[in-house]
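Hi,

Here is the structure I promised to pass along. Have a look at it first, and then read on for what turned up.

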Amino acid sequence: MKTLEYVITDPVGLHARPAGLFVKKAAAYESSITVKNMENGKSADAKRIMAVMSLGVKQGNKIELSIEGGDEDTAQKELLAFLKENL
């Protein structure tokens, strides 16, 4: 299992458009991916848009991704790059 932490810098947080892009990116991997809002303790399947949006992630919140599966190394590296570029 791989984990990574990231602080959201987008002024509006993990709202509809970037959440949709994030879910689409996460769905491309066979690994199981869970995202957790470290501010309120809520977690969700990163491949489900409504679950991700229900986390209430705002600017400045730290999220943690837990990635487990055959492509976890690739998923960790590419998802971190995605977060830095988009959120």
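A salt bridge here is a side-chain nitrogen of Lys or Arg within 4 Å of a carboxyl oxygen of Asp or Glu. Please keep in mind that this is a predicted model. With that rule, a search of the whole structure gives two salt bridges.

One of them joins Lys-2 and Asp-73, whose closest N and O atoms are 3.2 Å apart. Lys-2 sits in strand 1 and Asp-73 in helix 3, so this pair links parts of the chain that are 71 residues apart in sequence. Lys-2 is partly exposed, at 28% relative accessible area.

Glu-5 and Lys-62 also meet through their side chains in a salt bridge, at 3.5 Å from N to O. Here strand 1 supplies Glu-5 and strand 4 supplies Lys-62, so parts 57 residues apart in sequence are tied together. Both ends are partly exposed: Glu-5 has a relative accessible area of 43%, and Lys-62 comes in at 31%.

Glu-72 belongs to helix 3, which covers residues 72-86. The side chain of Glu-72 does have polar atoms close to backbone nitrogens: one lies 3.1 Å from that of Gly-69, and one lies 3.5 Å from that of Met-1. Leaving aside residues up to four places away in sequence, Glu-72 touches Met-1, Lys-2, Ser-31 and Ile-67.

On to the nonpolar side. The largest nonpolar core has 24 residues, and Phe-22, Leu-65, Leu-79 and Leu-83 touch the most other members. Strand 1, helix 1, strand 2, strand 4 and helix 3 each give two or more residues to this core. Leu-65 has contacts that include Leu-4, Phe-22, Val-35, Leu-79 and Leu-83.

The count of aromatic pairs comes to one. The ring centres of Phe-22 and Phe-82 are 6.3 Å apart and their planes meet at 40°, so the pair is tilted. Phe-22 lies in helix 1 (residues 16-27) and Phe-82 in helix 3, so the pair connects parts that are 60 residues apart in sequence. Phe-22 is buried at 1% relative accessible area, and Phe-82 is buried too, at 12%.

Best wishes

Technical notes
Residues numbered from 1 in each chain as written. Predicted model: local features only at pLDDT ≥ 70, side-chain atom pairs only at ≥ 80, totals over all residues. Heavy atoms only, no water. Helix = DSSP H or I, 4+ residues; strand = E, 2+ residues; numbered from the N terminus. Polar contact = N/O pair within 3.5 Å; in protein donor to acceptor, adjacent residues only side chain to side chain. Contact = heavy atoms within 4.5 Å. Phe/Tyr/Trp six-rings, centres within 6.5 Å; stacked < 30°, edge-to-face > 60°. Buried < 20%, exposed > 50% of the residue type's maximum accessible area, 1.4 Å probe, protein only. Core = buried A, V, L, I, M, F, W, Y, C linked by side-chain atoms within 4.5 Å.
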